[in-house]
Amino acid sequence: MARTTEEKAQDYTAMGHSVTLINEVIAGTQMADESAEERQSCVDRNVEHLELMVAKDYWTTESMTSVNSAIAAGKSYTAT
């Protein structure tokens, strides 16, 4: 079943939340009090979500630049 415009917008917004969370965990402004394992797990889950979503075939003109950057940053991140 095709996604509606509203559903696509919700998906894109959710992707933006994952991008923000990945970037903030890496920067140390989110989850700073959590264990390295919890931070790594959070980044890994959000990278996986973004990889699944960016591969969807219903995107048209949406920019994936920040999404792809967050995926790359998250993949190279190792929580310490």
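**Terms and their grounds**

Tutor: This is a predicted model, and the secondary structure of its protein chain comes to 3 helices and 0 strands. From the N terminus on, the elements run α-α-α.

Student: What makes Ile-22 a contact partner of Val-43 and of which other residues?

Tutor: Contact requires heavy atoms within 4.5 Å. Leaving aside its neighbours within four places in sequence, Ile-22 is in contact with Val-43, Asn-46, Val-47, Leu-50, Ala-70 and Gly-74, so each of these pairs has heavy atoms within 4.5 Å.

Student: Why is the set containing Ile-22 and Trp-59 called a nonpolar core?

Tutor: The name applies because such a set consists of buried residues of listed types, Ile and Trp among them, joined through side-chain atoms within 4.5 Å. The largest nonpolar core has 17 residues, of which Met-15, Ile-22, Val-43, Leu-50, Trp-59 and Val-67 touch the most other members. Helix 1 (5-27), helix 2 (36-54) and helix 3 (65-76) each give two or more residues to this core. Its largest share, 5 residues, comes from helix 2.

Student: How many side chains are counted as positive and how many as negative?

Tutor: There are 6 positive and 13 negative side chains. Lys and Arg count as positive and Asp and Glu as negative, so the 6 are Lys or Arg and the 13 are Asp or Glu. The centres of the two sets lie 5 Å apart.

Notes
Residues numbered from 1 in each chain as written. Predicted model: local features only at pLDDT ≥ 70, side-chain atom pairs only at ≥ 80, totals over all residues. Heavy atoms only, no water. Buried < 20%, exposed > 50% of the residue type's maximum accessible area, 1.4 Å probe, protein only. Helix = DSSP H or I, 4+ residues; strand = E, 2+ residues; numbered from the N terminus. Charge placed at Lys NZ, Arg CZ, Asp CG, Glu CD.
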